[in-house]
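Colleague: I am new to this structure. Please take one part and walk me through it closely, along with whatever it touches.

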Amino acid sequence: MSERLRFVEWTLASMPAMPVRYLGRCLSCQERSPDTADPEEAQLWCLRHAGATGDSGYELSAFLYFNAICTSTRS
């Protein structure tokens, strides 16, 4: 029995229809804001959550969606 190995090269490309998204997360209770395209909306959620709960630690994350695209194959 013989084997043939194939090496494939991949690249990542951002999804043009999907803008950068932002998400606020409370470090005390782990509650999260809705994800949004506006970083100020995520920050405002953090401030409102702080006022409602007294929690003071937050994380603001930005994320982007990608497609993995096969660019070439070699035998």
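Modeller: Start with helix H1. At 1.5 Å a residue, its 15 residues should span 21 Å, and the end C-alpha atoms are 21 Å apart, so the two values agree. The expected span is 1.5 Å times one less than the number of residues in the helix. Helices (H or I, at least four residues) and strands (E, at least two) are DSSP runs, numbered from the N terminus.

A word on the source. This is a predicted model, in which local features need pLDDT of at least 70 and side-chain atom pairs count only at pLDDT 80 or more, while totals for chains, interfaces and linings use all residues. Residues are numbered from 1 along each chain as its sequence is written, and side-chain values use heavy atoms, with hydrogens and water left out.

Now look at the faces of H1. Ala-42, Trp-45, Cys-46 and His-49 are buried in this helix. They cover an arc of only 100° around the axis, which puts them on the same side of H1. The arc is that of the directions from the helix axis to the C-beta atoms. Buried means under 20% relative accessible area, exposed over 50%, and partly exposed in between (1.4 Å probe, protein chains only). On the other side of H1, Glu-40, Leu-47, Arg-48 and Gly-51 are exposed.

What do the buried residues of H1 pack against? They pack against S2 and S3. Contact here means heavy atoms within 4.5 Å.

Next, the ends of the helix. At its start, a side-chain oxygen of Asp-38 comes within 3.0 Å of the backbone nitrogen of Glu-40. A polar contact is a pair of N or O atoms within 3.5 Å; within protein, one must be able to donate a hydrogen and the other to accept it, and residues adjacent in sequence count only if both atoms are side-chain atoms. Just after H1, Gly-54 has a positive phi of about 85°.

Step back into the loop between S2 and H1, where Ser-33 lies. Ser-33 counts as buried, at 6% relative accessibility. Its side chain reaches the backbone nitrogen of Gly-24 at 2.8 Å. Leaving out residues up to four places away in sequence, Ser-33 touches Leu-23, Gly-24, Ala-42 and Trp-45. Gln-30 is also placed in the loop between S2 and H1. The phi of Gln-30 is near 70°, a positive value in a residue other than glycine. Gln-30 is partly exposed, with a relative accessible area of 41%.

On to the rings. A pair of aromatic rings is described by the distance of the centres and the angle of the planes. Rings of Phe, Tyr and Trp (its six-membered ring) pair if their centres lie within 6.5 Å; planes under 30 degrees apart count as stacked, over 60 as edge-to-face and the rest as tilted. By this rule there are two aromatic pairs. Trp-45 and Tyr-58 form one that is edge-to-face, at 6.4 Å centre to centre with 85° between the planes. Trp-45 lies in helix H1 and Tyr-58 in strand S3, so this pair ties together parts that are 13 residues apart in sequence. Trp-45 is buried at a relative accessible area of 17%, whereas Tyr-58 is partly exposed at 22%. The ring centres of Phe-63 and Tyr-65 are 5.7 Å apart and their planes stand at 80°, so that pair is edge-to-face.

Side chains of opposite charge can pair when their charged atoms come close. A salt bridge is a side-chain nitrogen of Lys or Arg within 4 Å of a carboxyl oxygen of Asp or Glu. The structure holds two salt bridges. One joins the side chains of Arg-21 and Asp-35 (2.8 Å, N to O). Arg-21 lies in strand S2 (residues 21–26) and Asp-35 in the loop between S2 and helix H1 (39–53), so the pair ties together parts that are 14 residues apart in sequence. Arg-21 is buried at a relative accessible area of 18%, and Asp-35 is partly exposed at 37%.

Arg-25 forms a salt bridge with Glu-59, with the closest N and O atoms 3.1 Å apart. Arg-25 lies in strand S2 and Glu-59 in strand S3 (residues 58–63), so this pair ties together parts that are 34 residues apart in sequence. Arg-25 is buried at 16% relative accessible area, while Glu-59 counts as partly exposed at 33%.
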